[in-house]
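Hello,

Here is the structure I promised to pass on. My notes follow below it.

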Amino acid sequence: MHSNLWIEERYKDFYGMRYKVENVLYSKKTEFQTVDVVETKGHGKMLLNDGLVMVTERDEIAYHDMIAHVPLFVHPNPKNVLVIGGGDGGTAREVLRHSSVEKCTMVEIDGAVCEACMEFIPQTAEVLKGHPKLDLIIGDGVKFVQEFQATNEKFDVIIIDSTDPIGPAAPLFGPEFYTNVNKCLADNGIVVSQGESPWFEAEIQKSMLGVLNDIFKNIFIYNFSNLTYPGGLWSFTFATKGDIHPINDFRKEAVAASGLEFSYYNEGLHQAAFYLPTFMKKNLEGL
Ligand code: SAM
């Protein structure tokens, strides 16, 4: 027990968020990053990669609802889904709740993230222990899409649930990767990606949308509220291969008809998420 222990996530050189830790459950330095799972006093169990908060039991549902259900309720019939990253399992868990989904392939580069979460954060990672529709691959998502685009199989929805653009995740924000992602998508395909902080990472957002704009037909960015990410407001990008619109083509009636219950996602929030604060609109002008 480490009853007086606090951890701090440092963001850049001017901002930090502190959490009271009751217990350190897992700590490992892997080939890719450090992976820690701690039991916090206020947020339940928390996964940190390289000291950055990835998920907490308290608020993970906001991130996972919005990364999964937004594209899955826009695509007309999502059957084949790819998740890149997402080693905590939360995104795969939400994808697999959709009855139309026949297969979810998940490619996470660091097996230790999955192992740590399966042992200590079953709330997100239970699904990784075995699900008949889940194909869990431990490998590099960049290499995966490079090889997959040469096959005849296509994905309806691709979700990039990655860490920030450093280390092995850096290429996940670049043009070569998204060119391959586009080739892996079926005609109606949608790709949604972790899109960083509107408050602190406007340049990354602009660069991501610029890359997507050169490759995809329609591009959007949408926001959600995240308790444990710096600044609280966070984004996902949404890009389509065909002429699909996240609000006009939103299958609203399918939300209630699915019989699924959500703690964060709902019909109104789906649409509202695409209405951006003025400072974001200004930053993204011209895209
Ligand atoms: N919700 C999180 C966030 O934004 O903080 C992301 C969570 S998930 C744990 C991110 C995962 O992406 C990490 O486990 C990391 O190992 C994985 N990842 C990073 N680069 C990758 C790559 N090239 N291929 C596959 N997975 C990758």
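Predicted model: local features only at pLDDT ≥ 70, side-chain atom pairs only at ≥ 80, totals over all residues.

The pocket first. The space in the largest pocket comes to about 310 Å³. Two elements, strand E11 (218-225) and helix H10 (278-283), each supply at least two residues of its lining. E11 gives the most, with 3 residues.

Next, the backbone. Two residues are worth a look on your screen.

Asp-50 sits in the loop that runs between strand E4 (45-49) and strand E5 (52-56). Its phi is near 50°, a positive value in a residue other than glycine. Is Asp-50 buried, or partly exposed? Asp-50 counts as partly exposed because its relative accessibility is 42%, and that class lies between the 20% and 50% cut-offs.

Glu-196 belongs to the loop between strand E10 (185-194) and helix H7 (202-215). Phi is positive here too: near 70° for Glu-196, again in a residue other than glycine. Glu-196 has a relative accessibility of 1%, so it counts as buried. The cut-off for buried is under 20%.

To recap the pair: Asp-50 is partly exposed, whereas Glu-196 is buried.

Best wishes

Terms used: Residues numbered from 1 in each chain as written. Heavy atoms only, no water. 1 Å grid on protein atoms, 1.4 Å probe; cavity = no way out; pocket = protein on both sides within 12 Å on 5 of 7 lines; lining within 4 Å. Points joined across faces, edges and corners; volume = space filled by probe spheres on them. Helix = DSSP H or I, 4+ residues; strand = E, 2+ residues; numbered from the N terminus. Buried < 20%, exposed > 50% of the residue type's maximum accessible area, 1.4 Å probe, protein only.
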